[in-house]
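Please study the sequence and the structure before working through the solutions.

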Amino acid sequence: MKIIKNLQDYHQKTPLALSIGMFDGVHIGHQSIINQLNTVAKDKNLESAILTFWPHPRTIFYPNDDLKLLNTIEEKTYFLEKHSIQNLILQDFSEDFRNLTGAEFVKQILVEKLNVKHLIIGHDHTFGKNKSGNFSLLEKMAPELEFEVQQVQAVDFQERHISSTQIRKALSVGNIKEANEMLGYTYSVSGEVVHGKKIGRTIGYPTANIAVNSMKFLPKKGAYIVDVFVKKQHLKGMLSIGTNPTVDGKLVSVEVYILNFNDDLYGEEISVNFREFLHDEIKFENLEKLIERLDEDKKLTENFQF
């Protein structure tokens with residue numbers, strides 16, 4: 001997959017089948033668009049392409065919102081490449097860019113710059129200044145500018161449209177199974193193993209403290225069954241998201257205890273997949289009560305069928 005980090009650096013004239021959007025999560029709804037995009041590209045001898053924005057436009061319009069995303073840019077790139085997209089174009093949402101009207105965006109960017117011959121958009125996609133671009137505008141402009149346009153309907157799950165927002169809502173209440181079904185894969189976090197307070201090792205449960213990207217959406221605080229990928233190994237683990245209230249912690253941390261594993265992991269990259277929510281974050285009256293609950297969680301994790 002070719003990655004173009006800014007439209008200004010895009011100079012090829014290869015005709016494209018393209019879709020536009022954030023594609024945060026690259027969930028089942030997005031995958032429906034991608035599958036149709038790849039089919040069209042193959043049938044019409046075009047290259048498939050995704051035009052997305054980084055950072056997220058909401059960080060520009062609502063800078064005070066603490067926006068968290070389902071995918072880091074690295075994860076999004078991985079998933080789009082996995083689904084056979086040939087070109088990924090990352091556009092900075094600059095002032096000049098966001099002031100383009102819908103019609104200007106179609107003519108100047110899609111047609112003149114990118115040579116789009118087939119455009120696929122989602123069921124509710126709008127674009128351009130003041131959301132002046134939509135499917136109706138594209139239908140009007142397509143014949144004159146010699147491209148075809150197609151709108152893909154939403155994919156439903158439990159009588160609701162699958163969306164990044166719905167997935168965040170599921171994760172925020174610990175509904176891992178529902179989130180994973182909408183994603184079409186298991187939700188994960190990753191990062192470097194860093195030094196923590198090292199309290200876990202004093203009670204027989206040493207944990208790896210994961211430095212997660214600050215933009216990454218974290219599920220509800222609590223304990224989870226996870227599978228762990230580290231040092232080319234696939235292992236079972238139990239993960240905690242929270243402030244460690246039993247020992248009066250303040251900052252939110254992501255820590256994983258890996259079953260039957262004792263290697264030094266500091267500085268290693270680690271990835272965990274969320275399988276099941278165990279329980280909310282609990283402030284125990286003492287460490288003995290904490291250990292009792294950890295023992296229970298460990299048994300549940302050992303018996304969990306991955």
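Rings of Phe, Tyr and Trp (its six-membered ring) pair if their centres lie within 6.5 Å; planes under 30 degrees apart count as stacked, over 60 as edge-to-face and the rest as tilted. The model is predicted, so local features need pLDDT of at least 70, side-chain atom pairs count only at pLDDT 80 or more, and totals for chains, interfaces and linings use all residues. Residues are numbered from 1 along each chain as its sequence is written, and side-chain values use heavy atoms, with hydrogens and water left out.

**Exercise 1.** State how many aromatic pairs the rule gives, and classify the pair of Tyr 78 and Phe 79.

Solution. The count comes to ten aromatic pairs. For Tyr 78 and Phe 79, the centres are 5.2 Å apart and the planes make 65 degrees, an edge-to-face pair. Phe 79 is buried, because its relative accessible area is 11% (buried means under 20%, exposed over 50%, partly exposed in between; 1.4 Å probe, protein chains only).

**Exercise 2.** Classify the pair of Tyr 224 and Phe 277, and locate both residues.

Solution. With centres 5.2 Å apart and planes at 65 degrees, Tyr 224 and Phe 277 are edge-to-face. This pair links distant parts of the chain, 53 residues apart: Tyr 224 is in strand S11 (residues 222-230) and Phe 277 in strand S14 (residues 269-280). Strands are DSSP runs (E, at least two residues), numbered from the N terminus. Tyr 224 is buried, at 0% relative accessible area, whereas Phe 277 is partly exposed, at 22%.

**Exercise 3.** Which residues do ring pairs link into a cluster?

Solution. The cluster consists of Phe 53, Phe 97, Phe 105 and Phe 127.

How values were computed
Helices (H or I, at least four residues) and strands (E, at least two) are DSSP runs, numbered from the N terminus.
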